[in-house]
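Here is a friendly walk through the structure, meant to be read with the model open beside you. Please keep the sequence at hand as you go.

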Amino acid sequence: MDGPFATAITLIATADSALVQIIGLSLRVTLSAVVIACAVGLPLGAALALARFRGRGAVIVLFNALMGLPPVVAGLLVYLLLSRSGPLGSLALLFTPTAMIIAQTVLILPIVVSLTRSVVEDLWGEYREQLTSLGASRWRAVPTLLWDGRVSLLTGVLAGFGRASAEVGAVLIVGGNIAGHTRTMTTAITLETSRGNLGLAVALGLILMALTLSLNAVAWGAGQWAKGRLG
Amino acid sequence: MSAGGILPLSLRGMGYAVGGTALLSDVTLDIPAGRRLIVMGPNGAGKSLFLRLCHGLIDPTSGTRKWATGAARPRAQAMVFQRPVLLRRTVAANIDYPLGLAGLARAERAAKVAQTLDRFGLRDMTDQPARLLSGGQQQRLALARAWAMDPEILFLDEPTSALDPSATRIIEEMVAQFADEGITIVMTTHNLGQARRLAQDVAFLHRGRLIEHRPADQFFAGPQTPEAQAFLAGDLVW
């Protein structure tokens, strides 16, 4: 008797090479997207928190709304951008891991920007007079506020990671789910389930859930540690 | 204070209004070097606002605020708030932070931080997270941080109103020591005993106006205005 769970456990226990390859690609794509989104989103969100300009409210609403952007729509936008006839078609990036990183960055960026804006804005309210008194200009305060908000910001970054690692629509459209090349955990689950190959699908599902669980455990632990350690 | 310092600070008809409502009006006052000025007055008289205007956290909407050097906001000043905002880092890093902003070289900063830690008995807390200190320790650190900035003038906005008597005593001693070193003190307080202990001069604010400014012994012996008389009498009643 060979149920899908038994098969899944065997695949995980023997570190099946196809399984390992898929997990490796998923992590590479999602982690790259998280790093890029943070590099852009943390300073951008902080700048949005401190800047005062016409249309600031509209920009904030836009980024908040983009947090709910359906992954398939993000995938479609990046597809249009990268397809042969699109503006960036000459780069031949469609159906590569790079295209998937771009699509996931588009998904995560609004989360990082919106959360950073909210955290830094609250912190600025508390720190403003003191930092000004100590001699910090509004722009010099940005790195200080990001650093002092690091624990809250970590939660947002992990939320972004969670969204990217769980979504299937965007990577499916721009990656194409090519075996050994652009097949991630989520696209593989979709495909293997429709093919009735439930063992691999369950194995990937278990690993995805274990990943989410451990990330949240780390986030919670970091928050608790920081509360005790940093005040 | 040496010649060429930022003092005196000259306020001429200084006022601050929000949406047509005057919160502080027509304050004309010179703050000379080396004095301890206590700013008194009932709640809402504009004491905190007065300090913030002097310190340059906000700009007056009428009248002028001029430092002797002509600088808009000279560096050689510091302020201690009622509730100090300490950064989420160690005690030493909190002292170092404004020194970095002032552009001091790394070695100079390290020496200043070490000197400050030793002077204020903070050495054994060097690597502790500042936010986990007690209220009294936090305010001590805030004063130490202000001192490390080498101010000619220090503004204090009710620095002891959230502290217990022993922490209050420590803060008062620190303020008195700073004054002995020649740092000009401008401080608000609700505590009349504290005002009597520390003041050389008193500025009495009432409803956004400066209605008395005299040497402390004269002020406490007999205020000229009925408002200040009532304020001091209130202390006796309570």
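The notes below go through this model by topic. Please keep in mind that it is a predicted model. Chain B has eight helices and nine strands, and the contact with chain A draws on 16 of its residues.

**Confidence**

- Chain A has a mean pLDDT of 92, and 99% of its residues reach 70 or more.
- Among the elements of chain A, the highest mean pLDDT, 96, belongs to α5(A), and the lowest, 87, to helix α10 (residues 198–230) of chain A.

**Overall build of chain B**

- The radius of gyration of chain B is 18 Å, close to the 18 Å that the globule rule gives for 238 residues, so chain B is as compact as a globular protein of that length.
- Of the 238 residues in chain B, 40% are buried.
- Take the contacts in chain B between residues at least 6 apart in sequence: 70% of them join residues at least 24 apart.

**Where the two chains touch**

- Chain A brings 15 residues to the contact and chain B brings 16.
- On the chain B side, the elements giving two or more residues are β5 (77–80) and α2 (91–101) of chain B.
- Of these, α2(B) gives the most, with three residues.
- Sorted by class, the side of chain B that touches chain A has 12 nonpolar, one polar and three charged residues.

**Strand β1 of chain B and its partners**

- Strand β1 (residues 9–18) of chain B runs antiparallel to strand β2 (residues 21–31) of chain B, and seven bridges join them.
- β1(B) and β2(B) form a hairpin with two residues between them, and G19(B) in the turn has a positive phi of about 55°.
- β1(B) also pairs with strand β4 (residues 62–66) of chain B; they run antiparallel, joined by four bridges.
- To find this second pairing, look at G15(B), which stands opposite S62(B) in β4(B).

**Backbone spots worth a look**

- As background, most residues other than glycine have a negative phi, and most peptide bonds are trans.
- A cis peptide bond joins L7(B) and P8(B), with omega about 5°. P8(B) is found in the segment before β1 of chain B.
- In chain A, A92(A) has a positive phi, near 50°, in a residue other than glycine. A92(A) is found in the loop between α4 (71–82) and α5 (97–134) of chain A.
- Is A92(A) buried or exposed? A92(A) has 12 C-beta neighbours inside 10 Å, and 12 or fewer is the cut-off for exposed, so A92(A) counts as exposed.
- In chain B, D150(B) has a positive phi, near 55°, and is likewise a residue other than glycine. D150(B) is found in the loop between α4 (135–148) and β6 (153–157) of chain B.
- With 15 C-beta neighbours inside 10 Å, D150(B) counts as partly exposed.

Definitions and conventions
Residues numbered from 1 in each chain as written. Chains lettered and ligands numbered in written order. Predicted model: local features only at pLDDT ≥ 70, side-chain atom pairs only at ≥ 80, totals over all residues. Contact = placed C-beta atoms within 7 Å. Nonpolar A, V, L, I, M, F, W, Y, C, P; charged D, E, K, R; others polar. Pairing = 2+ DSSP bridges. Rg over C-alpha atoms; globule rule 2.2 N^0.38 Å. Buried ≥ 20, exposed ≤ 12 C-beta atoms within 10 Å, placed from the backbone. pLDDT = per-residue confidence, 0-100.
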